Amino acid sequence: MLDVGCGPGRLVAALSARGRTVLGIDVSETAVHHAVMLGARHCGGPSSTACPARVTGALSY
């Protein structure tokens, strides 16, 4: 699943907790930071690693 404009990642976190493969994308570094605080991994943005081919609960900006 792709969540474009994921904000603080509530949907990404909920789906990830249920074992779904999900990628959240947001342009706000603050929103991504909040999502990471919910347990999401951060990939693809500045000072992070590249997103793997299959991601679970990952966010990018």
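Me: Is Ala17 buried or exposed?
Reply: Ala17 counts as exposed because its relative accessibility is 68%, where exposed means over 50% relative accessible area, buried means under 20%, and partly exposed lies in between, with a 1.4 Å probe and protein chains only. This is a predicted model, in which local features need pLDDT of at least 70 and side-chain atom pairs count only at pLDDT 80 or more, while totals for chains, interfaces and linings use all residues. Residues are numbered from 1 along each chain as its sequence is written, and side-chain values use heavy atoms, with hydrogens and water left out.

Me: Where does Ala17 sit, and how far is its C-alpha from that of Ala40?
Reply: Ala17 belongs to helix H1, residues 10–17, and its C-alpha atom is separated by 9.8 Å from that of Ala40, which is 23 residues apart from Ala17 along the chain.

Me: What pattern does the chain follow?
Reply: Along the sequence the pattern reads β-α-β-α-β-β, made up of two helices and four strands; helices (H or I, at least four residues) and strands (E, at least two) are DSSP runs numbered from the N terminus.

Me: How much of it is buried, and what is the accessible surface?
Reply: Of the 61 residues in the protein chain, 33% are buried. The accessible surface comes to about 3700 Å², with 58% of that belonging to carbon and sulfur atoms, and such areas come from the Shrake-Rupley method with a 1.4 Å probe, where for residues only the protein chains shown count as cover.

Me: What about contacts between residues at least 24 apart?
Reply: They account for 41% of the contacts between residues at least 6 apart in sequence, a contact being heavy atoms within 4.5 Å.

Me: Which backbone nitrogens lie by the side chain of Asp26, then?
Reply: The backbone nitrogen of Ser28 lies 2.9 Å from a polar atom of that side chain, and the backbone nitrogen of Cys6 lies 3.4 Å from a polar atom of it. A polar contact is a pair of N or O atoms within 3.5 Å; within protein, one must be able to donate a hydrogen and the other to accept it, and residues adjacent in sequence count only if both atoms are side-chain atoms. Asp26 itself is found in the loop between strand S2 (23–25) and helix H2 (29–37).

Me: And Asp3, what does it touch?
Reply: Leaving aside residues up to four places away in sequence, Asp3 touches Leu11, Val12, Leu23, Gly24 and Ile25. Asp3 lies in strand S1 and is buried without a salt bridge, the nearest side chain of opposite charge being Arg10, 8.8 Å away.

Me: Which residues make the nonpolar surface patch?
Reply: Leu2, Val4 and Ile25 make it, over about 270 Å². Patches are made of residues with over 30% relative accessible area and no salt bridge, with like charges joined within 9 Å and nonpolar side chains (Val, Leu, Ile, Met, Phe, Trp, Tyr) within 5 Å. Val4, in strand S1 (residues 2–4), is exposed, with a relative accessible area of 61%.

Me: Last one, why does Gly39 count as exposed?
Reply: Gly39 counts as exposed because its relative accessibility is 60%. Gly39 is in the loop between H2 and strand S3 (41–42), and its C-alpha is 9.3 Å from that of Gly9, 30 residues apart in sequence.

Key: Salt bridge = Lys/Arg side-chain N within 4 Å of Asp/Glu carboxyl O. Lys, Arg positive; Asp, Glu negative; His and termini not counted.
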